[in-house]
Amino acid sequence: MSFHYTSAVDLADGIATGEYSAREVTTAFLDRIAETDGELNAFLLVDTAGALATADAIDAARADGEALGPLAGVPVAVKDVLATRGLTTTCGSRMLEDWVPTYDATVTARLREAGAVIVGKTNMDEFAMGSSTENSAFGPTRNPWDTQRIPGGSSGGSAVAVAARQTPLSLGTDTGGSIRQPAAMCGVVGVKPTYGGVSRYGLVALASSLDQVGPFATTVTDAALLHSVIGGHDPRDSTSIDAAVPPVLRAARHADIRGVRVGVVKQLTGDGFQPAVRGLFQQALDALAAAGAEIVEVDCPHFEYALAAYYLILPSECSSNLAKFDSVRYGLRVGDDGSRSVEQVMSMTREAGFGPEVKRRIMLGTYALSSGYYDAYYGQAQKVRTLIARDFADAFHDADVLATPTAPTTAFPLGEKVDDPLSMYLQDIATIPANLAGVPAMSVPIGQDESGLPVGLQFMAPAMKDERLYNAGAALEALIGWESRP
Amino acid sequence: MGVPAMSYEQAVADFDPVLGLEVHVELNTETKMFCGCPTTFGGQPNSQVCPVCLGMPGSLPVVNAVAVESAIRIGLALNCSIAPWSRFARKNYFYPDMPKNYQISQYDEPICVDGYLDVEVDGQTYRIDIERAHMEEDTGKSLHMGGATGRIHGADYSLVDYNRAGIPLIEIVTKPITDTGAKAPEVARAYVTALRDILRGLNVSDVRMEQGSLRCDANVSLRPDREAPFGTRTETKNVNSLRSVERALRFEIERQAQVLRAGGTIVQETRHWHEDTAKTTAGRTKEEAEDYRYFPEPDLAPVAASEEWVEQLRSSLPEPPAQQRARLQQAWGFTDLEMRDVINADALDLIEQTVALGASSAGAKKWWLGELARRSNDSGVPLAQLGIDPKGVARIESLIAEGALNDKMGRQVIDGVLAGEGSPDEVVAVRGLVLVSDDGALIVAVDAAIAQNSDVADKVRSGKVAAVGALVGAVMKATRGQADAGRVRELLLERLGVQ
């Protein structure tokens, strides 16, 4: 039986009611991975045995009349930057090629508690640095809509796994757009929750003040289901917000756009966005307006400086976060032949273990934090961050949600921007502000360009008002009526 | 160096020393600063570790609230202001015993600022200004194997023990300590001593310098006179006792004076104190200040200590040691010299408790500083761990005051208690220590003594009353010490018809 186009919500229901078994469902998706992943390379690890064992346990529990979790028997893929006990967690890097965590990330543990079947670990740009998944040490992931093109990044593997129906759900992480941009390019839904809304414990940090874990799914309601499972307070993450998960599932199921004020960010609609992207974005706004939304224009003057501030804050934090990869306790070790000092071994290991983009950002950050430059770079960037947060506060005075195109372009050919980091960085021009301010944001598919490549629209909402994304997203999804089937 | 050694007196006559003391205090919290691992000393290497204190990928720190409370209490006891809002920062540098290659510390937003501590040296009070007290995590320990010295040079390989990594530390930093002149080393020692006593009174740390739970880095520089700008300083580490604080600074002052007098310049560097040779040697040169690239720790929320909490902690602070001493000295009527002996013997609390149990201050002091101090010195066992407590001493003293024992018997009771024979009353019972107070029994012994020493008796009768001492001795001997010597003397004089 084929389950590939069945939603996660329906799969969970079907398994709970005994319409089909967790093993059947899991086997079907594992088969799909086996058929397609040779070309797509979305997975770095497929845990066939573990997935089937979990599925069998779910089926046994159901047979015994035990209560099942909300994701019981539903396959989920996990970005390889999230710790999974007993499964290698490489972060897309040679540095951690053989690293097997002894603990689960909080989100991984919550997946297991909810009965989810973890099918494997997905490919990504090394340590989540990139917008194309070409920076993976284990080869790029390919876009299922056109396998000569990139899937976006850094969570490209997780986006493709869902787009190609290798799994109904997956987890990604988003530091500056790493969930939303690949979601847009692969024609799926991707959400970056409010900063602090989902635990970061076990997420191998890129930039601690920006990173957030979030769901990929083919529908807004499926994304809400996964969001509600992974969200909520975690005492092991001091930046986690001590509050209930926003009512995202209810919002997705009872979407009503009437009277919702949708703010179009003046700074994120004009030049730099491909005409097809702008055209589809305008059509989506028209549809929302026709359905009763109020479209208003909002001014966020400091968004202009978001990219610059981001590329000071992120490298600064990342230069410190990645210092732990030194060969002493775990991971790669190079040059330890008894003749070299520990400093030499550290240096050789980091030289061999990190790719060029990682080294570039470590150097940028080390420089930005250095004595005499701190105020001009890191300090100034933090001020910009405050101003961007104020822009959001002002904008949410006039609008309930904000809307922008998610990415300036559709998926570009593999290799096109590899040697042009600045052009690559511009991919995140519309997604970075939400990370800097900690507000939640979602990308929803709104159609295809003239070449058939998907385009996404980004909604943003005030902190801890994630349900507004799901309300607007589900309404738009219904209005557009576009189904993602590459 | 080819230059004749300069005497300390000459050094401080020619130069004015400026001190700066950085004291690291390991808190005695049950768990580490940012995780739930135990903090007990001496565990098997790497047995008290978890993903957080090992800096494993994805792990995150969570602040230990008890450590924050201890930090605030320390700040309050040192007369600091407690910041309503303080932050942790990352201090970035690579070192194998530092699991994350950054230390979570506090930088420009410490929890305690602007305090002071008054210390006394030879009757003069010196106010030591405290710049800050901040929280941080300790590092692991590197063990260098295969070499002769245990140092990294010449070692075949190194092992790292992370049990200590993440233990909460408070770093207390003074402002430059000036105008102490020749007394500088003594002032430094008095400061560290006073700090240790305060921390002990707060019960926030074991404060054992030899185990490293209290560590002092001693900075010193010399300048030609008190008006001149500060000279280049050195920082001396490995100062593991109060005595070493004084000695190491004395040595550094002599050494720097000698270098400067010979026309040399002082190199800004870390130096190591060697107890055995009583010298410091050069360590890491700090000519180029290391760039720690501090920035606010993004994994932790700021520490916001509410005014209510701070005031609650302030009201529950114990009496400061200096104040306690002044109060007790007055209550007990001890001279300064006597009080100093009490402090040096570490007997203040013991005497206070003994007095609280009913003993006179003089009686309590007599036992703790006399008989018991002697036994402590002979055995090397600290007074408090000798095996007799204030309750026991108070009981012995009360038996003597009641006339049931004399001093000599009191010492026998101590023998018994220390030998594990039980409480003072049990020892008295088992050993049959009864002061002979029955005149009938004593008169027999008195008469016998007079009969056996008729020449002495005659001398007394003829007016040489002082000679009675020999007869008292004879009676005491005959009663094996269990008689009240005063009563024996009275009876002798009575029987001899004197007075």
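Student: Which residue of E11(A) stands opposite Pro405(A)?

Tutor: Leu457(A) stands opposite Pro405(A) in E11(A). Strands here are DSSP runs of E with at least two residues, and helices are runs of H or I with at least four; both are numbered from the N terminus. Remember that this is a predicted model: local features need pLDDT of at least 70, side-chain atom pairs count only at pLDDT 80 or more, and totals for chains, interfaces and linings use all residues. Residues are numbered from 1 along each chain as its sequence is written, while chains are lettered from A and ligands numbered from 1 in the order in which they are written.

Student: How many bridges join E9 and E11 of chain A?

Tutor: Two strands pair if DSSP finds at least two bridges between them. Strand E9 (residues 401-405) and strand E11 (residues 454-460) of chain A have four, and they pair in the antiparallel sense.

Student: What is the strand order of the open sheet of 11 strands in chain A?

Tutor: Read across the sheet: E1-E3-E2-E4-E6-E5-E10-E11-E9-E7-E8. The pairing is mixed. At the edges are strand E1 (43-46) and strand E8 (294-298) of chain A, each pairing on one side only. From one strand to the next, the twist averages 30°. Angles run from 0 to 180 degrees between N-to-C directions, and axes are lines fitted to C-alpha atoms, for helices over the stretch in contact.

Student: Which strands does helix H2 of chain A touch?

Tutor: Contact means that the C-beta atoms of two residues, placed from the backbone, lie within 7 Å. Helix H2 (residues 22-40) of chain A packs on the sheet and touches E1, strand E2 (75-79) and strand E3 (117-122). The direction of H2 makes about 20° with that of E3(A).

Student: How are two packed helices described?

Tutor: Two packed helices are described by the angle between their axes and the distance between the axes. Gln412(B), Val413(B), Gly416(B) and Val417(B) of H11(B) meet Pro424(B), Val427(B), Val428(B) and Arg431(B) of H12(B).

Student: What is the angle between H13 and H15 of chain B?

Tutor: Helix H13 (residues 439-452) and helix H15 (residues 468-478) of chain B pack at about 130°, with their axes 9 Å apart. That makes H13(B) oblique to H15(B). H13(B) brings Ala445(B), Val446(B), Ala448(B), Ala449(B) and Ile450(B) to the contact. H15(B) brings Leu471(B), Ala474(B), Val475(B) and Ala478(B). By class, that contact has nine nonpolar, no polar and no charged residues. Ala, Val, Leu, Ile, Met, Phe, Trp, Tyr, Cys and Pro count as nonpolar, Asp, Glu, Lys and Arg as charged, and the others, Gly among them, as polar.

Student: How many residues does each chain give to the contact of chain B with chain A?

Tutor: Chain B gives 25 residues and chain A gives 31. The chain B side has 15 nonpolar, five polar and five charged residues.

Student: Which peptide bond in chain A is cis, with omega near 10°?

Tutor: The bond from Gly153(A) to Ser154(A). Ser154(A) sits in the loop between E3 and helix H5 (156-163) of chain A. Ala128(A) lies in the loop between E3 and H5 of chain A. Ala128(A) has a positive phi of about 70°, although it is not a glycine.

Definitions and conventions
Parallel < 35°, antiparallel > 145°, perpendicular 65-115°, else oblique.
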